[in-house]
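Hi,

Here's the structure I promised to pass along.

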Amino acid sequence: MNSLFPWLLFLQLVAMATAVESLRPGFYSETCPPAEFIVRHVMKKALIREPRSVASVMRLQFHDCFVNGCDGSVLLDDTPEMLGEKLSLSNINSLRSFEVVDEVKEALEAACPGIVSCADILVLAARDAVALTGGPDWEVRLGRKDSLTASQEDSDNIMPSPRANATSLINLFSQFNLSIKDLVALSGSHSIGEARCFSIMFRLYNQSGSGKPDPAIEPGFREKLDQLCPLGVDENVTGPLDATPLVFDNQYFRDLVAGKGFLNSDQTLFTSPRTRPYVRVFSKEQDQFFKAFVEGMLKMGDLQIEQPGEIRTNCRVANSGTVDVY
């Protein structure tokens with residue numbers, strides 16, 4: 001990471017406290033009453049069309065909020081003057097379903113032009129992805145503005161790798177005032193969705209440079225992963241992140257206890273003594289997982305910094321002309 005990152009992050013966290021004060025439930029109740037209904041309606045259609053897509057949209061909130069706050073920056077396409085976040089190390093060939101966000105934005109612009117930010121769309125859509133697949137539902141705080149720019153460098157410096165271990169994840173989350181419990185609960189977002197063979201080839205064939213598989217993988221599960229991701233495979237082939245990838249439940253944690261975590265950054269939550277107790281609790285008590293997950297999502301959604309902002313009319317492109325400032 002960049003050596004200036006901790007100091008810059010401290011300044012951002014100070015600014016965040018002020019920015020969060022403007023967020024509140026029901027923010028669009030007067031300016032765009034159908035906003036939340038529209039987002040959920042489009043997400044329902046996306047779920048029917050391609051079930052995996054809603055998990056992909058939920059993931060966008062994580063990758064947005066950790067990089068300079070929840071500001072829709074991850075949605076910006078590159079321009080001749082700006083290298084955005086879509087091609088950063090953790091995002092390239094990985095983030096997807098941007099077209100679902102486009103569809104939501106188009107519907108909102110038709111109903112309430114220039115009112116609902118792309119940053120708020122991501123927070124609403126993430127909530128809906130969980131609720132529509134059997135997980136908890138909750139009231140979200142809204143009122144974010146969209147950033148005017150994005151930074152590939154910032155994303156590279158901040159976002160963790162699928163190879164990350166529990167210690168590095170704990171350190172990262174703590175810098176955003178997110179606890180170990182928040183880390184484990186939010187990792188439960190992998191209850192739905194899939195990931196690429198690219199993300200696990202090292203743990204199947206060369207864990208820690210050993211030339212051998214990760215010993216934490218349950219042998220039978222490793223055989224399945226070997227079949228899915230043999231050496232020489234197209235590494236964009238995907239596999240489910242848990243045994244019930246279309247249902248938001250606590251199966252993800254039961255899989256970790258059984259040594260069947262797909263990603264290294266998942267399984268490390270059980271092999272590490274600091275995170276293991278939460279994995280055990282969530283594997284047995286789904287209600288406790290759901291409660292902690294909602295708390296973590298709300299805290300992550302509050303990540304904000306003071307910066308110029310606007311309401312984009314197209315989530316992929318910053319508007320031209322004068323913008324509103326936080």
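Helix H10 (residues 219-228) gives the most to the lining of the second largest pocket, five residues in total. Keep in mind that this is a predicted model. That pocket has a volume of about 250 Å³, and 14 residues line it, with Phe 221, Lys 224, Leu 225, Pro 240 and Asp 242 closest to its centre. By class, its lining splits into eight nonpolar, one polar and five charged residues.

The largest pocket comes in at about 1000 Å³. Its lining runs to 46 residues, and the ones closest to the centre are Arg 59, His 63, Pro 162, His 190 and Leu 263. Here H3 is the top contributor, with seven residues. Sorted by class, you get 24 nonpolar, 14 polar and eight charged.

Now the cysteines. The whole structure has four disulfides, and their pattern along the chain is 1-4, 2-3, 5-8, 6-7.

- Cys 32 to Cys 112: the S to S distance is 2.1 Å. The torsion about the S-S bond is about 75 degrees, so this disulfide is right-handed. The two cysteines sit 80 residues apart.
- Cys 65 to Cys 70: the sulfur atoms are 2.0 Å apart, and both cysteines are buried.
- Cys 118 to Cys 315: with a torsion of about -95 degrees, this disulfide is left-handed. Cys 118 is in helix H5 and Cys 315 in the segment after strand S4 (309-310), so the bond ties together parts 197 residues apart in sequence. Cys 118 is buried at 0% relative accessibility, and Cys 315 is buried at 1%.

Cheers

Technical notes. Residues numbered from 1 in each chain as written. Predicted model: local features only at pLDDT ≥ 70, side-chain atom pairs only at ≥ 80, totals over all residues. Heavy atoms only, no water. 1 Å grid on protein atoms, 1.4 Å probe; cavity = no way out; pocket = protein on both sides within 12 Å on 5 of 7 lines; lining within 4 Å. Points joined across faces, edges and corners; volume = space filled by probe spheres on them. Helix = DSSP H or I, 4+ residues; strand = E, 2+ residues; numbered from the N terminus. Nonpolar A, V, L, I, M, F, W, Y, C, P; charged D, E, K, R; others polar. Disulfide = S-S within 2.5 Å. Buried < 20%, exposed > 50% of the residue type's maximum accessible area, 1.4 Å probe, protein only.
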